[in-house]
Amino acid sequence: MQPEPTAELRHRTVEAPAGRLHLVEQGTGPLVLLVHGFPESWYSWRRQLPALATAGYRAVAIDVRGYGRSSKPEATDAYRMLDLVEDNVAVVRALGEESAVVVGHDWGSNIAAASALLHPEVFRAVGLLSVPYAPPGGPRPTDIFGQIGGPEQEFYVSYFQEPGRAEAEIEPDIRGWLAGFYAALSADTMPAQGEPDPHFVTRDGGRLRDRFPAGPLPAWLSEDDLDVYAGEFERTGITGALNRYRNVDRDWEDLAPHRGAPIKQPSLFIGGALDASTTWMSDAIDAYPTALPALSASHLLDGCGHWIQQERPDEVNRLLTDWLATLQGPTRQSRRSSPRTGEVPEATAAAL
């Protein structure tokens, strides 16, 4: 059952380095900033906003730059991690707050982790969904991704690198592509063991959608939900979202001074046991005692795929609210009032 919301959803835009950022908020109390992944929007947190609001938090879900109603800079390098972190800081400040708990899913998990790493004075705790934290470092990401898959198939992150290439596959039928991509990584619709892995394309001109399942939508995704996602990308295009992948080498260079750095704030990890991210990055999860020394808990949900807060909203909501209740320190500081095919090396798998 979904909790009864304590207030209506409020849409607004705030000034940020990107130009403007669209956000949706619900509730009052300590600020919890929710950061989505690829290819989604604030809407991926639709089942968390009322739960967090009911639990006494000011829940705020953003459209990351390049998505939804947020600004979409033209330059590819405007989507580097340092810029997205500064967007998050700008949102906290624009909301009149000094600090926040940041929670991210998929790419949003990486953005949340980097936000906590680079601005511990702003982000007092961090929740990571689906993609584990791996400290910066390791080989150049595109070198590693280029080696995955062998001579006959290409890893999807490499496929996304060339501007226009993936757009040519996705944009003629965004709704159909999204339906297949969501189904390919959902527990109830993902390809069976032994079937072609949807994280790869064949090197003879193949497409990702060639490996997407052709059956029904996953149980968590209604036709109306799909319409929301598709409508946003049909309006904005997919380039802003793909540009995040096109900055993995820039991120590697930018974050080099933080090579091997742990995140010292309280943290939480929730992953799906059937999600490739948790199997590829199992070494990163094993390294949490060093990488996340203040980790409160690490959960792997049996029978769950990649879209974790949408596949298992009640369980994720419970884990999040229980964790938030344990956090020590200031509960609110307002500026207005007071102070599965191959293994991916963990240092570069954070770019997935």
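**First stop: two helices**

Begin by selecting M81, L82, L84, V85 and N88 in helix α2, together with W107, N110, I111, A114, S115 and L118 in helix α3; these two groups meet, contact meaning heavy atoms within 4.5 Å. Helices (H or I, at least four residues) and strands (E, at least two) are DSSP runs, numbered from the N terminus. By class, the contact of α2 with α3 comprises eight nonpolar, three polar and no charged residues. Here Ala, Val, Leu, Ile, Met, Phe, Trp, Tyr, Cys and Pro count as nonpolar, Asp, Glu, Lys and Arg as charged, and the others, Gly among them, as polar.

The model is predicted: local features need pLDDT of at least 70 and side-chain atom pairs count only at pLDDT 80 or more, while totals for chains, interfaces and linings use all residues. Residues are numbered from 1 along each chain as its sequence is written, and side-chain values use heavy atoms, with hydrogens and water left out.

Now display the axes of α2 (residues 81–94) and α3 (residues 107–118), which come within 9 Å and cross at roughly 75°. That makes α2 roughly perpendicular to α3. Axes are lines fitted to C-alpha atoms, for helices over the stretch in contact, and angles run from 0 to 180 degrees between N-to-C directions. Angles under 35 degrees count as roughly parallel, over 145 as roughly antiparallel, 65 to 115 as roughly perpendicular and the rest as oblique.

**Second stop: the sheet**

In which order do the eight strands of the open sheet run? The order is β1-β2-β4-β3-β5-β6-β9-β10, with mixed pairing; two strands pair if DSSP finds at least two bridges between them. At the edges stand β1 (10–16) and β10 (295–301), each with a single partner strand, so one side of each has no neighbour in the sheet. On average, neighbouring strands are turned by 20° against each other, direction ignored.

Next, select β6 (residues 123–129) and β9 (residues 267–272), which pair in the parallel sense over four bridges. V126 has S267 in β9 as its bridge partner.

Select Q310 in helix α14 (residues 308–311). Is Q310 buried or exposed? With a relative accessible area of 2%, Q310 is buried (buried means under 20% relative accessible area, exposed over 50%, partly exposed in between; 1.4 Å probe, protein chains only). Its side chain makes polar contacts with the side chains of R46, at 2.7 Å, and Y229, at 2.9 Å. A polar contact is a pair of N or O atoms within 3.5 Å; within protein, one must be able to donate a hydrogen and the other to accept it, and residues adjacent in sequence count only if both atoms are side-chain atoms. Not counting residues up to four places away in sequence, Q310 touches E40, S44, R46, R47, W220 and Y229.

**Last stop: backbone geometry**

Most residues other than glycine have a negative phi, and most peptide bonds are trans. Select F38 and P39, which a cis peptide bond joins, with omega about -10°; P39 lies in the loop between β3 and α1 (49–54). Move to D106, in the loop between β5 and α3, where phi is near 60°. At 5% relative accessibility, D106 is buried. Finish at S130, in the loop between β6 and α4 (141–147), whose phi is about 80°. S130 is buried, at 0% relative accessibility.
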